[in-house]
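Reader: I've just opened this one and would like to know how you back up the labels you put on it. Can we go through them together?
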Amino acid sequence: MGKQYTSISADTQAFIEQQHIFFVGTAAADGRVNISPKGQDTLRVLDANRVAWLNLTGSSNETAAHLLEVNRITLMWCAFEGKPNILRLYGTATVYHPRDAEWAELLPLFPPLPGSRQIVVVGVDLVQTSCGMAVPFFDYRAERDELNDYMEQRGPEQVAQYWHNRNTHSIDGKPTGI
């Protein structure tokens, strides 16, 4: 059944790299808990205790707001094919924006995606697996193109305006740092 580890093993990294979707969970001290699905080629294992993902523009910016207030995060993957498995990485995170020096260092790790909004680096302090025997099988067909197409059509200026209009505060009114 479930096991706990202090770092990401080679087998765990291989599992992460095979998945097409992961989920991000955060919460501020009060207000709503946020769980966000993430896809595309946006996550990298940096080392045994750090992962980074390229956060794309979305209709809200809850993760960034929560991390400014309470710096804790959980990432989760489920095996939808093959051997059952649920993997969670627990830790703290730092959010980097295009204005930050770290952005230029981290961005080349990812494919160029329009609407790239932040890079989140998670310091992992606990790796936990659980059985996943109740998770159903799903067949992966393809990535969706709509978000990339939408951001590409708007261009950098309109994307920045979208951030200003929709991504500067969480749904609970908390600042996001964008």
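Reader: Where in α4 does a kink lie?

Author: At G155, shortly before the proline P156, with an angle of about 110 degrees. Bear in mind that this is a predicted model.

Reader: What makes you say that the end C-alpha atoms of α4 fall short of what a straight helix would reach?

Author: Helix α4 runs over residues 146-167, which is 22 residues. At 1.5 Å a residue a straight helix would reach 32 Å, but here the end C-alpha atoms are only 19 Å apart.

Reader: Which residues of α4 are buried, and what covers them?

Author: The buried ones are N148, M151, G155, V159, Y162, W163 and N167. The cover includes β8, residues 116-130.

Reader: What makes K174 and D30 a salt bridge?

Author: A salt bridge needs a side-chain nitrogen of Lys or Arg within 4 Å of a carboxyl oxygen of Asp or Glu. The closest N and O atoms of K174 and D30 are 2.8 Å apart, so the pair falls inside that limit. It also links distant parts of the chain: K174 sits in the segment after α4 and D30 in the loop between β2 (22-27) and β3 (33-38), 144 residues apart.

Reader: Why is K174 called buried, and why is D30 called partly exposed?

Author: Buried means under 20% relative accessible area, and exposed means over 50%. K174 has 13%, so it counts as buried. D30 has 47%, so it counts as partly exposed.

Reader: How many salt bridges does a search of the whole structure find?

Author: Five. One of them joins the side chains of R32 and D172, at 2.2 Å from N to O. R32 lies in the loop between β2 and β3 and D172 in the segment after α4, so this pair ties together parts that are 140 residues apart in sequence. D172 is partly exposed, with a relative accessible area of 26%.

Reader: How do you know that R50 and D47 meet in a salt bridge?

Author: Their side chains are 2.9 Å apart, N to O, and the cut-off is 4 Å. Both residues count as partly exposed, R50 at 36% relative accessibility and D47 at 34%. There is also a network: salt bridges that share partners join D30, E69 and K174.

Reader: Which residues have the most contacts inside the largest nonpolar core?

Author: W53, I73, L75, W77, L89 and V122, in a core of 22 residues. Several elements each supply at least two residues of this core, among them α1 (10-18), β6 (73-78) and β7 (86-96). Apart from it lies another core, of 10 residues, including L54, Y96, F110 and V121.

Reader: What does I73 touch?

Author: Leaving out residues up to four places away in sequence, the list includes V24, W53, L67, L89, Y90 and V122.

Reader: What makes the phi of Q40 worth a remark?

Author: Most residues other than glycine have a negative phi. Q40 is not a glycine, yet its phi is positive, about 60 degrees. Q40 is found in the loop between β3 and β4. With a relative accessible area of 18%, Q40 is buried.

Reader: And which residues does the UniProt domain annotation cover?

Author: The unreviewed UniProt entry gives "Pyridoxamine 5'-phosphate oxidase N-terminal" for residues 12-129. In the model, that span is 18% helix and 47% strand, and its end C-alpha atoms lie 9 Å apart.

Conventions:
Residues numbered from 1 in each chain as written. Predicted model: local features only at pLDDT ≥ 70, side-chain atom pairs only at ≥ 80, totals over all residues. Heavy atoms only, no water. UniProt positions renumbered as here; feature names shortened; annotations may be inferred. Helix = DSSP H or I, 4+ residues; strand = E, 2+ residues; numbered from the N terminus. Expected span 1.5 Å × (residues − 1). Bend = angle between axes of the 7 residues up to and from the residue. Buried < 20%, exposed > 50% of the residue type's maximum accessible area, 1.4 Å probe, protein only. Contact = heavy atoms within 4.5 Å. Core = buried A, V, L, I, M, F, W, Y, C linked by side-chain atoms within 4.5 Å.
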